[in-house]
Amino acid sequence: MATLTFSNISMRFPDGTEALSDVSFGVSRGEFVTIVGPSGCGKSTLLKIAAGLLDATAGSVDVDRNGIGYVFQDATLMPWRTVRRNVELLAELHGVDKDERQRLASEAIDLVGLSGFENHYPKSLSGGMKMRASLARTLTMKPPVFLFDEPFGAVDEITRERLNEETLRLFEAEKFAGLFITHSISEAVFLSTKVYVMSARPGRLVASFDVPFGYPRSPEIRFDPRFAELSGEISHALRGAHS
Amino acid sequence: MSKKARFDVRLVVPPVATGALILGIWYFVSYVILDPKRRFLLRPPHEVWSVGFANGDNFSEMMEGLLATSKTAFWGLLTAILLGFLLAVIMSQAKFVERAIFPYAVVLQAIPILAIVPLIGFWFGYGFMPRVFICVIIALFPIIVNTLFGLLSAEQGLHDLLTLHNTNRVTRLRKLMFPAALPAVFAGLRISAGLSVIGAIVGDFYFGQGEVGIGQLLKRYAARLDGEQLLAAVIVSSGLGVLVFTFFGWLANRVVGKWAGESRGA
C-alpha cells in the first residue's frame, strides 16, 4: 500500500476551469516521484489536493495528513523571524517544548548547510539560502511524505543544481515518500525513481518513465548517456503533452 | 569612530540650507516687501523669537497651552489606536464584517471636521471628553485602513502553511497576521499621530472655552493681531506634530527596522 495514493482525481474550479482529469497513482516511502508538465496543467493543484488545501471535485486521496511536509514554490519564510525561529515554527505550532524545538532546528539547519546563519533575518539571505531555510523548516517534522511544489524554479541554475543535490541527500537519508513538481526535465531525472508527464489542461498523466539509477546518486549521473537518453524521451513526451 | 556616529555633511547640509533659505525669504518679505506700517502682517523671525519664545510669561503661557493640547491629542490617539485596531481585527476575520463596517469608516473620514466640531460641542459640551472625541474622529481612519491592510498582507503561502498544520484562528492572528501587519500599522500611526494633534487644536480653537490649549491661544493672538505670538504658536503646534511623527518613525525603526524592507533577492 502506497503512503500517498491518488484515485481518479478530477478537479473543476468554480469558474468552470477544468484543472485535472482522472489522475491516479501512488507514492511509497523510499520512492521519489516527479511530475513534469506544461505551465498551468494542474500540477500544483494536485499537490494542494494531496495536502488538503483544496478539495477535489471527484476521486479520493489516501494519505495521513499529519505526516505531510510541504515545500512551497516560494520560501514562505516569516520576515520577522530569524532563520532559527523560522525553522522552529512547525515544531512550535505542534507544541513541542523549547529544548526539543531548538535541537530539531539545529539538526535541520545543519543538514541544509545553513549553520552560521541561524540569527540572520530572511531579508539578508539569498534566494537559495531562503529555500534551504524553508527545507529545514519542513525537515524538523520528519514527515513521511514530502510534497515539493516547484521549489527551485526561482533560483539560478548553479544554485538549483546544488539544491537538487542537497534534496537528493535528504531523500537518501530520510527515505520519505517524495512527490516533486517541476518544469525541468534534468531536475526530474536527477532526483526521481519515477517521472510522470502531465498533459496540458485538464491535466492527465500521459506517460511514465522509470529512472534506471539507484541511490546514492552522484552528480556525475548527469553526464551518463542513459541520463541524456531518458531526458530526450521525456522531452518528446512533454512536447506531445503540450499539443 | 563608528560609521553611524560620524557627522555626515550630506545629511545635514540640505535641510539646513532650506531652513536658511526660508528664513531669508521671511526677512525679505518682512523688510523689503512690507512697508513698516504693514509689517505687523509678518513680523521678522528675531521678533517672533524675542516675543514668543524669549519672553518668559508668553512662553510659559504657550507651553501650558501646548501641554493641554498634547494631553488631548495623546488620549485621542490612544483611543483611536485601541478602537481602530479592534475594528480592523474584527474586519480581518470575516469579509461580511468588513463590508458592514468599512463604508462607515469612509463616511467618518469624509466628514468635514470643521462642520462636526460645533455639533460635538452642542451635543456633548466643551469639556475634555468631547475634545478627545474629535481627535478620535480625525485619527481613526488611517489606523483602521493601515491595520486592516497589514493584517491582510500576510503571504498566502504562510497562510497555507498554517492551515496544513491545523492552526487555530487565535494562533494565526498572533503568529502570522499581527507581525505581518506591523510595518503598515506603524505607517498608520505616524499619520494618525499628526492628525490627532490637529484634532486637538481644531477642537480647542472652535470650542474657545474650557482648559486653554494651543487652539484657543491661536484664536486669541489672531484676534489681537499679535503677529509674533501667533507665529510662535504656529511654530510650536507644528513642532508638536513633527515630534510625534518623528517619535513613531523612531519606534517603527526600533520594532520592525531589523527585518522589514527589501530582501537581497535570488
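1. In chain A, the end C-alpha atoms of residues 4-225 lie 32 Å apart, and this span is 33% helix and 25% strand, where helices (H or I, at least four residues) and strands (E, at least two) are DSSP runs numbered from the N terminus. The unreviewed UniProt entry places the feature "domain: ABC transporter" at these residues of chain A; UniProt positions follow the numbering used here, feature names are shortened, and annotations may be inferred rather than shown by experiment.

2. The model is a predicted one, in which local features need pLDDT of at least 70 and side-chain atom pairs count only at pLDDT 80 or more, while totals for chains, interfaces and linings use all residues. Residues are numbered from 1 along each chain as its sequence is written, and chains are lettered from A and ligands numbered from 1 in the order in which they are written.

3. Chain A is divided into domain 1 (4-64 + 144-242) and domain 2 (80-142), with bounds from an automatic or database domain assignment, and the centres of the two domains, taken over C-alpha atoms, are 25 Å apart. Their contact (C-beta atoms, placed from the backbone, within 7 Å) takes 10 residues from domain 1 and nine residues from domain 2. On the domain 1 side, helix α5 (residues 157-174) of chain A gives the largest share, five residues.

4. In chain B, the axes of helix α3 (residues 56-93) and helix α6 (residues 128-151) come within 6 Å and cross at roughly 40°; axes are lines fitted to C-alpha atoms, for helices over the stretch in contact, and angles run from 0 to 180 degrees between N-to-C directions.

How values were computed. Two residues are in contact if their C-beta atoms, placed from the backbone, lie within 7 Å.
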